[in-house]
Amino acid sequence: MAASHAVIMDAVYALLQEKSVRDLTMEAVAKRAGVGKPTLYKWWPTKATLVLAMLCERMAPKLEKPTVLTAEESLRFRVRSLIDAFNGPFGKIVAGLIAEGQSEPAVLKEFFDRWVSPRRNATIADLQRGKDAGELRSETEPELLNDAIFGAIYYRMLLRSGPLTRRFGEDLVEQVILGHRSGNARS
């Protein structure tokens, strides 16, 4: 299964370079991967679960962070990594999954549970650690801080309201975190 699994993930990734999530079919994936549709449905009951599996396998490792960082450094790393990923092929894939989720709530829930939630929880934990260590002010609400920053990134990625650049990410973090740094924080 391991070899065919990799071939299937490669097929999904390659096909999504050519077409949208909406236009992707299990039949096309099976044909490109050289497997039967029943094989796909055995492991991934829907197209969205298959796309999400590929996303989690291929994009998630690029977002892992070094362990010895301040909360702010970790936040900056995560913002930069997500913006870089969204500016590559994964931005279109994530946007496609979110679009599919508008008419299929189960897709949106799975996207949130498997993709957003683990990264959101890790960032909130980093911010809480920074708050506990005195790096961030005691009034800081890690969940709101996280959502203010990452909400703006998703907003730009989905609505194209402005360029989604590393500079935007740096300025965004600086602006949002400005009032949350304690006197002991290094920037």
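A contact is counted where heavy atoms lie within 4.5 Å. On that basis, residues 24 or more positions apart supply 67% of the contacts in the chain with a separation of 6 or more. The model is predicted, so local features need pLDDT of at least 70 and side-chain atom pairs count only at pLDDT 80 or more, whereas totals for chains, interfaces and linings use all residues. Residues are numbered from 1 along each chain as its sequence is written, and side-chain values use heavy atoms, with hydrogens and water left out.

**Overall fold**

The chain has nine helices and zero strands, where helices (H or I, at least four residues) and strands (E, at least two) are DSSP runs numbered from the N terminus. The C-alpha trace spans about 60 × 35 × 25 Å along its principal axes. Of the 187 residues, 45% are buried; buried means under 20% relative accessible area, exposed over 50%, and partly exposed in between (1.4 Å probe, protein chains only).

The expected span is 1.5 Å times one less than the number of residues. Because 10 of its 12 residues are buried, α4 is largely enclosed by the rest of the structure; among these are Leu50, Val51, Leu52 and Met54.

Helix α8 (residues 142-159) should span 26 Å, and the distance between its end C-alpha atoms, 25 Å, agrees. Its buried residues, including Leu145, Ile149, Phe150 and Tyr154, pack against α5 (71-86), α6 (89-103), α7 (105-132) and α9 (166-177). Just after α8, Arg160 adopts a positive phi of about 50°.

**Salt bridges**

A salt bridge is a side-chain nitrogen of Lys or Arg within 4 Å of a carboxyl oxygen of Asp or Glu. The count by this rule is 16.

| Salt bridge | N to O distance |
|---|---|
| Arg166 and Asp84 | 2.5 Å |
| Lys109 and Asp113 | 2.5 Å |
| Arg167 and Asp171 | 3.0 Å |

The side chains of Arg166 and Asp84 meet in a salt bridge. This pair links distant parts of the chain, with Arg166 in helix α9 and Asp84 in helix α5, 82 residues apart. Arg166 is partly exposed at 43% relative accessibility, and Asp84 is partly exposed at 34%.

Lys109 and Asp113 are four residues apart in helix α7, and are therefore separated by about one helical turn. Lys109 is exposed at 52% relative accessibility, whereas Asp113 is partly exposed at 37%. Arg167 and Asp171 are likewise four residues apart, in helix α9. Finally, Glu72, Arg76, Glu174 and Arg181 are joined in a network of salt bridges.
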